[in-house]
Amino acid sequence: MKKQILAVDDSKAIRFLLQTVLGKDYQVITVPDGYSAMYYLANRELPDLIIADPQLPDMEEWELIAQLSTSGL
């Protein structure tokens, strides 16, 4: 089974690029915003790696990272 990567970016082009490049060797899940990422993480098995844009449209800068580091996930 391939290792999982969660990619969080509001740019559709960046999400497509990450899926295309990394999808050969990893299972890449992409989401467009921080709230979608938190929903995914709360309802699924944790991925092996999270790649996140620090500036997401629905959160303050670095807020997703701060929430992840204090959430206990």
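Predicted model: local features only at pLDDT ≥ 70, side-chain atom pairs only at ≥ 80, totals over all residues.

Me: How many helices and strands does the protein chain have, and in what order do the elements run?

Reply: The protein chain contains three helices and three strands. Read from the N terminus, the order is β-α-β-α-β-α. The radius of gyration is 12 Å, close to the 11 Å that the globule rule gives for 73 residues, so the chain is as compact as a globular protein of that length. Along the principal axes, the C-alpha atoms fill a box of roughly 30 × 25 × 15 Å.

Me: What share of the contacts joins residues at least 24 apart in sequence?

Reply: Take the contacts between residues at least 6 apart in sequence; 56% of these join residues at least 24 apart.

Me: Which residues form the largest nonpolar core?

Reply: A core of this kind is a set of buried nonpolar residues joined through side-chain atoms within 4.5 Å. The largest one here has eleven residues: Leu 6, Val 8, Ile 29, Val 31, Ala 37, Tyr 40, Leu 41, Leu 56, Met 59, Leu 64 and Leu 68. Strands E1 (4–8) and E2, together with helices H2 (34–43) and H3, each supply at least two residues of this core. Its largest share, three residues, comes from H2.

Me: Which residues does Met 59 touch, leaving aside those up to four places away in sequence?

Reply: Met 59, one of the core residues, touches Gly 34, Tyr 35, Met 38, Leu 64 and Gln 67.

Me: Is Pro 47 buried or exposed?

Reply: The cut-off for buried is under 20% relative accessible area. Pro 47 has 13% relative accessibility, so Pro 47 counts as buried. Pro 47 lies in the loop between H2 and E3. Beyond residues up to four places away in sequence, Pro 47 touches Gln 4, Ile 5, Leu 6 and Leu 41. Pro 47 and Ile 5 are 42 residues apart in sequence, yet 5.6 Å apart in space, C-alpha to C-alpha.

Me: Where are Gln 27 and Ser 71 found?

Reply: Gln 27 is in strand E2 (residues 27–31), whereas Ser 71 is in helix H3. Gln 27 is partly exposed at a relative accessible area of 33%, and Ser 71 is partly exposed at 36%. Not counting residues up to four places away in sequence, Gln 27 touches Lys 2, Lys 3, Gln 4 and Ile 5. The C-alpha atoms of Gln 27 and Asp 48, 21 residues apart along the chain, are separated by 9.9 Å. For Ser 71 and Leu 41, 30 residues apart along the chain, the C-alpha separation is 11 Å.

Methods:
Residues numbered from 1 in each chain as written. Heavy atoms only, no water. Helix = DSSP H or I, 4+ residues; strand = E, 2+ residues; numbered from the N terminus. Rg over C-alpha atoms; globule rule 2.2 N^0.38 Å. Contact = heavy atoms within 4.5 Å. Buried < 20%, exposed > 50% of the residue type's maximum accessible area, 1.4 Å probe, protein only.
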